[in-house]
Amino acid sequence: MKAASMMRMVLMVVLCFGAAAWPARAADRETLLTQPGVYGTFAAFQMDHDWWDLTGEARVIAVSEVKGLVEQFAHKIVIDSYLLRGLSDHADIMFRIHAHALSDTQQFLTSLLGTRFGRHLVATSYLHGLTKQAAYVPGFPEQLKKDLQASSEAGGKSYAIVIPIRKDADWWALDQETRGALMQEHTQAALPYINTVKRKLYHSSGLDDFDFITYFETEKLDEFHRLIRALEQVKEFRHARRFGHPTLLGTVRPLDDILELFAR
Amino acid sequence: MKAASMMRMVLMVVLCFGAAAWPARAADRETLLTQPGVYGTFAAFQMDHDWWDLTGEARVIAVSEVKGLVEQFAHKIVIDSYLLRGLSDHADIMFRIHAHALSDTQQFLTSLLGTRFGRHLVATSYLHGLTKQAAYVPGFPEQLKKDLQASSEAGGKSYAIVIPIRKDADWWALDQETRGALMQEHTQAALPYINTVKRKLYHSSGLDDFDFITYFETEKLDEFHRLIRALEQVKEFRHARRFGHPTLLGTVRPLDDILELFAR
Amino acid sequence: MKAASMMRMVLMVVLCFGAAAWPARAADRETLLTQPGVYGTFAAFQMDHDWWDLTGEARVIAVSEVKGLVEQFAHKIVIDSYLLRGLSDHADIMFRIHAHALSDTQQFLTSLLGTRFGRHLVATSYLHGLTKQAAYVPGFPEQLKKDLQASSEAGGKSYAIVIPIRKDADWWALDQETRGALMQEHTQAALPYINTVKRKLYHSSGLDDFDFITYFETEKLDEFHRLIRALEQVKEFRHARRFGHPTLLGTVRPLDDILELFAR
Amino acid sequence: MKAASMMRMVLMVVLCFGAAAWPARAADRETLLTQPGVYGTFAAFQMDHDWWDLTGEARVIAVSEVKGLVEQFAHKIVIDSYLLRGLSDHADIMFRIHAHALSDTQQFLTSLLGTRFGRHLVATSYLHGLTKQAAYVPGFPEQLKKDLQASSEAGGKSYAIVIPIRKDADWWALDQETRGALMQEHTQAALPYINTVKRKLYHSSGLDDFDFITYFETEKLDEFHRLIRALEQVKEFRHARRFGHPTLLGTVRPLDDILELFAR
Amino acid sequence: MKAASMMRMVLMVVLCFGAAAWPARAADRETLLTQPGVYGTFAAFQMDHDWWDLTGEARVIAVSEVKGLVEQFAHKIVIDSYLLRGLSDHADIMFRIHAHALSDTQQFLTSLLGTRFGRHLVATSYLHGLTKQAAYVPGFPEQLKKDLQASSEAGGKSYAIVIPIRKDADWWALDQETRGALMQEHTQAALPYINTVKRKLYHSSGLDDFDFITYFETEKLDEFHRLIRALEQVKEFRHARRFGHPTLLGTVRPLDDILELFAR
């Protein structure tokens, strides 16, 4: 028990060591998170069962290696971390990585998988998308455009949900105007949730087996559920050939918390 | 053999230790189980084969850790336990967890998976849903409303079945009135089984890959089967794009019984 | 080699020990197998690769434990055993269990999985169904009813095939009379095979992901194949949304033979 | 290195020992391969990773056991062997077994799986079919019948491809004459490839999840590809509900070659 | 740490040893890559977790064996290597192999899988296709033909994407002229990307479960994404029964880089 508490102390030291550097990049982070032309990768992993056969000390050393790696990549990519364990059935951890080039993301993930921690990770879902200027908003009525600018920044955003979508061929065969009208109806249905559910869209045709990755953050999961219900009821939804599969549900967590959970 | 019987005794002591606390929470339990706005999680697990390589003593210690954990969470979540082993092919144990926040459920499941017992569990299905006020009942004829109030509390409810459902886009495109009429037909078909099969509905759009989780408890599985047959014959059933996959079938069991089975 | 032949002898003794009790229950067996309201479970298992790492002696002891278990349950359930190994790709052994309550079946399978033999079994498919009075036969013409009574008991029935079926929503939306007419055509198509292929139907809606489990026994697999071909050509077949997946094919075998195969 | 070369020599001796017996059955082989009413089984296996942890000597002993087994069954079944490794992604070896009874095939495969070699095999696909007299050819024009008799025996047949097919319900609902006309168009499209691609058809409805297994041998894979393209363009192809999944592609190989590959 | 750096040095020597031979075959390479009638195989592999249990020295020796093997086959096949790790979820490495005969490809892959490195590879996807003369281009307008000749060789091509496609039966039922018109629209939509995205088409009907393998190389992933979006919007896309599943995304990498990554 004594050895365990000592290791715990070591772990604390190790995890705190990098804590200062992490929030320091918040500014760049916001820039990268709002620009078009940025690649977003959602990488979900499962921890294999062998991990738990390591000694506590070995686990502490292993997670500390990850901390160092993340700092090393902080100058070119933005990494968000999520705990899926206990909420999604085939994944424990998810990273959302924003980068100007997917090769940077690959370099980070490859390095991660090469750490003593990463060697125990099984990649269960990689989704990639590109941020773009809103395609249909320019054609929306002025009032709707104005409504969309309402801030959704209020409050903490504890839950994150990723729903990838593949549209059917009929959707893509529609002309831009018709799609615009359908998206306006879609947007109107989503409007009541603009302050409680933060949304972000990634375009992924060709980069994975989907056309879009829809990403949500909210503190109020019931509001998020109502938003999805509202979206299921508009005509555009008929064109969702695949919606989810997987649906990834987790909580937004500092990497330190997640690593500590697996080091314990 | 002597060592084994001693361990068995230890196990009994360990399991009984928490037995008093468990039923003591029955009152809160009923409240949580009947309120709208509560999150219900169905978490099914498979025990890995390595579990059985542990010594009997190690298994007894491992399960006792789970008992303590459950008590520790008893003040904020309600946990029901089910034995799926021998009835469902890819799962051994299922927990149904009711909570005001899914983050509490996640905390419990994450803690569970971190125990010596949990490290051997493979999460095979997590389903999440929200309880709501009945959507269509207010528009039903008075007689039907009255019939629905018939108690279904009579007798023990030994079997539990979970059938998740995804509706098709056509369903969501119907107006509320039309859906209400279809649900009235559905409800009427289910009425003869109200006393033998207890039902509970969870709304899950966005929280997993389904729209609803239907949960059943019954002592009479043949009546339950007849209920599902009756529901397959109403028009609303045409809108079930996915029905089951998985269908989870098990028996309602005190956690002690389940743990003892795996400690033996 | 000497040790091996000794173990073989031990195995013989162990397996023969229970042999007397097994056929003694033939009478009850026939009753249970012909009554409506009985639950039939088809449980298919794969042997994991670790099994073969056990010593021959350990394997002999492990299988003898199963024999004892089966006898212990012989007073309430009827167990048929099948060898799927070498004929079905993801299963080695199948049990068909008839019981008045699925909880008895669960108790047996749970006990089985808890034996030293069972710990190496991976459950690949569990299918559950209920036997019922024939639904459409009462409306059939008298001659057809008479034809259906022809005995199909002649000869040994060496092969067994399980094909689970899910009907489409259109099927269930048909009225009883229309379904009856379609089933009469189906039955007529099956008539020529009544003496060579023994059939049994289980209703499974709600108990698993299927609506029916069709079970066949035959000595003449080519006749069985022709029967299925004949059934594919009637109108009712258009309503099979899923037919097979899995199709389980094996041979009817005394449990002793199967256990010996795995003890060797 | 010295030990390795000695083992290699032992392997050579072991493998050559049975080589004489193998081609000696060529005559019976041709008979069985051309009769209707014969069962054909395609059994594809993957070698598990543990196999390579065995010593070279252990592997040599293990494969020699297989040789003996094959000879032992040579009087009642015909076994062809294929190397899928390097061409099909989830299989390394395939056996095609022709037998008058599937129980003989099962006995062989069960024995095979029980050898030290077989314990490392994972069965990935078993397909079973029955050979029959051609169903539609009798109604074909005389010239087409004559064309079909052209020998396709010229040259070695180095590649083998297995494509299982499930037809849709519409196909089976067509009358024999309409199906005959469609099959005539199909046959005509295949005619140009009769000399370069050898075909064989197995009927499998009820025996696995397919209706037909189509088997091809060719030295010219590009001609085979063109044949499939031609068959995709006739009306009958619209009735293929499932075509492939799996498509098994490999090379025809003497068992000795395959065993040596895994013994090395 | 000292031992590690020494091993690193050994690795460098080992990897550099073959470096000279590799680019020396560039000329033959271009010939094989542009001829019709060549077989292209895409073989994606995952490294198993046991690999990382080997000592650093053992890993260095293992990868050096691969280098030698590749050189040995350089006279008859052309091998391109890709790093999928960190970008595709169920694969780490991909080889694209061009050969005049798939038997040569099989011989290489079988040899590769037999190396100490290859024994840790799990084959996740094998796709095979044949290069052909363009089927519809001869019927295109002269201007379009001319546009298609624009060089797409400018700049490095760092990313590679593989999207296999299965067409529906309706596509194959269209006459050549109609398909030609649809392909002309398709080609026109792709034209703006001819300088930034390099494309190559393989015909695979019969060789795997697809009809085509489309292969892309680009430095500008966003342009590639826009190309796919453009192709989704033409009528021909309605005939894609399966598009992707899997979509393989990776970076073009010299084999040395990839091997070093796994030797480290």
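**Contacts, burial and interfaces**

Analyst: This is a predicted model. Setting aside neighbours within four places in sequence, His225(A) is in contact with Leu130(B), Lys132(B), His203(B), Ser204(B) and Ser205(B).

User: Is His225(A) buried or exposed?

Analyst: His225(A) belongs to helix H8 of chain A, which covers residues 221-232. Its relative accessibility is 0%. A residue under 20% counts as buried. By that cut-off, His225(A) is therefore classed as buried.

User: How far apart in space are His225(A) and Thr115(A), C-alpha to C-alpha?

Analyst: In sequence, His225(A) and Thr115(A) are 110 residues apart. Their separation in space, taken from C-alpha to C-alpha, is 37 Å.

User: Why is helix H10 of chain B described as largely enclosed by the rest of the structure?

Analyst: Helix H10 of chain B consists of residues 255-263. Among its buried residues are Leu255(B), Ile258(B), Leu261(B) and Phe262(B). Helix H10 of chain B is largely enclosed because the number of its nine residues that are buried is eight.

User: What area is buried between chain C and chain B?

Analyst: In this interface, 38 residues of chain C are in contact with 37 residues of chain B. Gln106(C), Arg119(C) and Trp172(C) supply 21% of the area that chain C buries against chain B, more than any other three residues. Carbon and sulfur atoms give 50% of the area buried between the two chains. That buried area is about 3100 Å².

User: Which element gives the most to the side of chain C that touches chain B?

Analyst: Between chain C and chain B, 24 residue pairs are in polar contact. On the chain C side, helix H5 (102-114), strand E4 (121-130), helix H7 (169-173) and strand E8 (240-243) each supply at least two residues. By class, this side has 15 nonpolar, 12 polar and 11 charged residues. With eight residues, the element that gives the most is E4(C).

User: What kind of rotation axis relates chain D and chain C?

Analyst: Chain D is superposed on chain C by a rotation of 72° with 0.0 Å of shift along the axis, at an RMSD of 0.0 Å. The two copies are thus related as by a five-fold rotation axis.

User: Which residue of chain D has the C-alpha nearest the axis?

Analyst: The axis in question belongs to the rotation that superposes chain D on chain C. The nearest C-alpha in chain D lies 9.0 Å from that axis, and its residue is Asp50(D).

User: What percentage of the interface residues of chain D are also interface residues in chain C?

Analyst: Chain D has 38 residues in contact with 37 residues of chain C. The copies meet through different surfaces, because the share of interface residues of chain D that are also interface residues in chain C is only 3%.

User: How many residue pairs are in polar contact between chain D and chain C?

Analyst: Chain D and chain C bury about 3100 Å² between them, with 50% of it on carbon and sulfur atoms. In chain D, the residues that lose the most area to chain C are Gln106(D), Arg119(D) and Trp172(D). One salt bridge is found across this interface, and it joins Arg238(C) and Asp170(D) at 2.7 Å, N to O. The residue pairs in polar contact number 25.

User: Which backbone nitrogen does the side chain of Asp92(D) reach at 2.9 Å?

Analyst: Asp92(D) is in the loop between strand E2 (78-83) and strand E3 (93-99) of chain D. At 8% relative accessibility, Asp92(D) counts as buried. Beyond its neighbours within four places in sequence, its contacts include Phe45(D), Gln46(D), Met47(D), Tyr82(D) and Phe262(D). The backbone nitrogen reached by the side chain of Asp92(D) is that of Met47(D).

Methods: Residues are numbered from 1 along each chain as its sequence is written. Chains are lettered from A and ligands numbered from 1 in the order in which they are written. This is a predicted model: local features need pLDDT of at least 70, side-chain atom pairs count only at pLDDT 80 or more; totals for chains, interfaces and linings use all residues. Side-chain values use heavy atoms; hydrogens and water are left out. Contact means heavy atoms within 4.5 Å. Buried area is the accessible area (1.4 Å probe) that two parts lose on being put together, summed over both. A polar contact is a pair of N or O atoms within 3.5 Å; within protein, one must be able to donate a hydrogen and the other to accept it, and residues adjacent in sequence count only if both atoms are side-chain atoms. Helices (H or I, at least four residues) and strands (E, at least two) are DSSP runs, numbered from the N terminus. Ala, Val, Leu, Ile, Met, Phe, Trp, Tyr, Cys and Pro count as nonpolar, Asp, Glu, Lys and Arg as charged, and the others, Gly among them, as polar. Buried means under 20% relative accessible area, exposed over 50%, partly exposed in between (1.4 Å probe, protein chains only). Copies are superposed by least squares on the C-alpha atoms of residues with pLDDT of at least 70 in both. A salt bridge is a side-chain nitrogen of Lys or Arg within 4 Å of a carboxyl oxygen of Asp or Glu.
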